[in-house]
Amino acid sequence: MIEVMIVEDDPMVRDINAKFLERIEGFKLCAAVASLDNARKYIAIKKPDLILLDVYLPNENGIDFLKWIREKNIDVDIILITADKSIDRIQESFRYGAVDYLIKPFNKEKKSKNKLNM
Amino acid sequence: MRKKIKLHTKIALLVTTVVIISISIIIAFAVSWMTNMIEDKARTNLMNVSMMVAHSDEIIQALENRDPDGRIGSYVDNLLPGLEQVEYIIVVDKDGIRHSHPNPAMIGQTFVGGDEQRAAEEGEAYISEATGTLGKALRAFAPIYDSKNNEEIGFVAVGTLTDSIESAKNTALLYVILISLGALAVGGIGAFLLSNNIKKILLGLEPEEISQLYTEKTGMLEAIHEGLIAVDNTGRITLINDAAIEILKFGTGFDKANLLGQHVEAVIPNTGMPNILETGQSEFDREQRIDHTIIVTNRIPIMNGSEIIGAIASFRDKTEVTKLAEELTGAKKMAWSLRAQNHEFMNKLHTISGLIQLEEYHEALVFISDVAKNRNNISDILTRNIQNPSVSALLLSKYAKAEECRVKLVIDAESRLTRLPQYMTAEDIVSIIGNLVENSLDAVKNDGTGLIEIKVLQNDATLTIQIRDNGGGIPLADQDKLYTQGFSTKKDQRGNGMFIVKNIIDAGGGTISLNCDGGVFWDITIPMNRGKKND
């Protein structure tokens, strides 16, 4: 079973994504957090295999979190979730080892397809 | 192109030339005067000696007796060593025979020269120049009369060689030239020192560079938008530019000419310049209210080594600075705001799309209806009730920012703003609300529990602005310092926000009160009418 952590500040989006995840076989939600502080805290406790990371968070940036993960050498896959298609940002995320990205709004088929291609 | 001569070289050359010309004129006069004097002296001397010899009883008696024992020769030999510039004394009897001569072989022989007739035949005393046996000479002739003074019994020729006069003249000339060379050397050194001193005073600048600097300085002072005031060490204004006069809005009767020389405190009573003169410490980006103008000023001391010789202040109208800053950051803010709104919009679409895919149709409808209701509410308030576009735009941008930060921002439905208090601008109100809401956004939590409520009420007498949040409040110890410039509880902040808010409210004759019961509650009241502006 692949343990997944969702990092998303919008509670409605967080709930929807959690529900999508629950309907995909082989994946299990281990934590859903609203801020990067909490993400840093729960990554040590829950040790997820995959993180669904929102790029825009209040006063924070998902890319910075990605850099932090690489600096700390934490073994976890990251899929970025973003609302824009900025090529620069997507390329930057790949440089820091993101495995894929999803552009909102996406459907549960897209999410499951991406994960199965991992 | 011809190379220009440097100023200090020019001064040195000029002074040296003047010295040379002066010395040359002095030399010419001195030489002419001295040579004349030497010649005159020689002539007088010769004549005196010849007269003395001609009237000497010893000579008269010896000549009357035809000088059998050579007394005339002895007389002359005794006399000559004591005389200056007399080469020879020749005593001649009425037959033209010499009775004395430097060359003893010539004694007893006939006098030679040809210029002696006037003395020998006409009894005249005179000076003449002729070539004798000793060479070219200047000689004084005087007749010798017998002891009864009746008959001429001879004459005396007292001479000096022209060469000896020339030699005296040359010696005098040499002295004059030596003295002149000394004076020239002193003059030259003086010229060099003077030119070096002038060069040092002018910081090595050439006159055209100084004039260019002056033109540039004047042009620059008037071209810049910053106000500039410089004072000397007593606090008197030494420089003020047009921008300063414009920014400080001096009334009529204050022009540049009559401001210069006045004490700065007489012109700007609350100026910080005397403090700079006293401490020598620079001050940067200080805000200061002068009458109804808020300026942002830098003040620095002017030092000469360790001595404070004055101070200079540069300043701008804060409204101008703010406008400029807003113009510069406006585009950035716009981009940030668009991205935030896009993110927010996509989140909403994602939620609706997710709810539909999860077949939670009722939730989807409720969500759409909630979003629409909120939008309508805020849109209604901002378009109908708040009739100032700047204040509406500010509230809308803060609403979007709060939404992005997961903070609930509620604008009271009763809010109303149809006109501004007298003498207040929309920027003043924007500044008050903007600063307070920003502080609240920093204070409340971003986890969905943060709440900020804004109420803007207006009636005929007053404008009331109330802002409440459920953040951590402000510690009692910090409440006294809140309005002090430079005080901030936030990192990397300059601590100007609350200082500006208080200044605007004070200028509008209003009040601000703070209640920290369960967060922060600001209550601001500003009168709508104030009578005359300077009341």
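**Strand partners, a helix crossing and a chain contact**

Modeller: Take A:Ile79 to begin with: its bridge partner in S7(A) is A:Asp100. Keep in mind that this is a predicted model.

Colleague: What makes strand S6 (residues 77-82) of chain A and S7(A) a pair?

Modeller: DSSP has to find at least two bridges between two strands. S6 and S7 of chain A have 4 bridges, in the parallel sense, so they count as paired under the cut-off of at least two.

Colleague: Which sheet do they sit in, and in what order do its strands run?

Modeller: An open one in chain A, with 5 strands in the order S2-S1-S3-S6-S7 and parallel pairing. From one strand to the next, the twist averages 20 degrees.

Colleague: Why are strand S2 (27-33) and strand S7 (100-103) of chain A said to stand at the edges?

Modeller: Each has a single partner strand, so one side of each has no neighbour in the sheet.

Colleague: Over to chain B. Why does B:Val112 count as partly exposed?

Modeller: Buried needs 20 or more C-beta neighbours within 10 Å, and exposed needs 12 or fewer. B:Val112 has 14 inside 10 Å, so it lands in between and is called partly exposed.

Colleague: Where is B:Val112, and what does it touch?

Modeller: You'll find B:Val112 in the loop between strand S1 (88-93) and helix H4 (117-122) of chain B. Leaving out residues up to four places away in sequence, B:Val112 touches B:Gly132 and B:Thr133. B:Ile97 is 15 residues from B:Val112 in sequence, with 9.8 Å between their C-alpha atoms.

Colleague: How are two packed helices described?

Modeller: By the angle between their axes and the distance between the axes. For helix H14 (residues 426-443) and helix H16 (residues 497-507) of chain B, the axes come within 9 Å and cross at roughly 145 degrees. That crossing is left-handed.

Colleague: Which residues of H14(B) and H16(B) meet?

Modeller: On H14(B), B:Asp428, B:Ser431, B:Ile432, B:Asn435, B:Leu436 and B:Asn439; on H16(B), B:Gly497, B:Met498, B:Ile500, B:Val501, B:Ile504 and B:Ile505. By class, this contact has 7 nonpolar, 4 polar and 1 charged residues.

Key: Residues numbered from 1 in each chain as written. Chains lettered and ligands numbered in written order. Predicted model: local features only at pLDDT ≥ 70, side-chain atom pairs only at ≥ 80, totals over all residues. Axes fitted to C-alpha atoms, helices over the stretch in contact; angles between N-to-C directions. Helix = DSSP H or I, 4+ residues; strand = E, 2+ residues; numbered from the N terminus. Left-handed = near helix turned anticlockwise from the far one by under 90°. Contact = placed C-beta atoms within 7 Å. Nonpolar A, V, L, I, M, F, W, Y, C, P; charged D, E, K, R; others polar.
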